[in-house]
Amino acid sequence: MVVVLHIVIAIWVIVASIRWGDWKRWEQYYPTMLYIISAGLVYEFFAQTQFHLWKMNGEWLLNHSIATLLHIFIINPLATFIFLSNYPDPLPKQLFHITKWVIIFLIVEWAGLHFDYITHSNGWSLGWSALFLFKMFPILRLHFTHKLWAITLSVFCVLFYLFIFDYM
């Protein structure tokens, strides 16, 4: 069952990116897609010492490492591409857009917890995920418009989580 959920999410994101992604301007979104890939790799670097806050579960056909790479290199960058491709102009619509994406990610995470395709540990919870997502999506947009500001802010966010979760 775990394998099916990771693959279903990947297929859905690929199809959604074809349907709702701005493929005519994909090169504009590419740096931010690389940024989310880098963020996933940084998390895995810190988590490799058995200090995962969340972890993708796998099975014999799609083990933890493959499931994680599927999310890092396919699901997250394509979700970022869709998110940025449809980013609205007026502030109220922006807040709704961000909130909609946070809710989507939280529902997927809740389902993942329910079906055991993801586990939380070391004090992480859906509440922490919500806080993280409400920072992540605006930072993705900030990276799209002001890369250096987003990278600087990201360093502080990483330090915050390392401190709060007693990694340092």
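Is tryptophan 128 buried, partly exposed or exposed? Tryptophan 128 comes out as partly exposed, with a relative accessible area of 24%. (Buried means under 20% relative accessible area, exposed over 50%, and partly exposed in between, using a 1.4 Å probe and protein chains only.)

## About the model

This is a predicted model, where local features need pLDDT of at least 70, side-chain atom pairs count only at pLDDT 80 or more, and totals for chains, interfaces and linings use all residues. Residues are numbered from 1 along each chain as its sequence is written, and side-chain values use heavy atoms, with hydrogens and water left out.

## Annotated spans

An unreviewed UniProt entry puts the label "transmembrane region" on residues 33-54, 61-83, 95-113, 125-142 and 148-165. Such annotations may be inferred rather than shown by experiment.

Take residues 95-113: they are 100% helix and 0% strand, with end C-alpha atoms 27 Å apart. Residues 125-142 are 94% helix and 0% strand, and there the end C-alpha atoms lie 26 Å apart. (Helices, H or I with at least four residues, and strands, E with at least two, are DSSP runs numbered from the N terminus.)

## Ring pairs

The structure holds 24 aromatic pairs. (Rings of Phe, Tyr and Trp, the last by its six-membered ring, pair if their centres lie within 6.5 Å; planes under 30 degrees apart are stacked, over 60 edge-to-face, the rest tilted.) One of them joins tryptophan 124 and phenylalanine 132 edge-to-face, 6.4 Å centre to centre with 70° between the planes. Tryptophan 124 is buried at 7% relative accessibility, while phenylalanine 132 is partly exposed at 27%.

Tryptophan 128 and phenylalanine 165 also pair edge-to-face, at 4.9 Å centre to centre and 70° between the planes. Tryptophan 128 sits in helix H5 (residues 126-145) and phenylalanine 165 in the segment after helix H6 (147-164), so this pair ties together parts 37 residues apart in sequence. Phenylalanine 165 is buried, at 8%.
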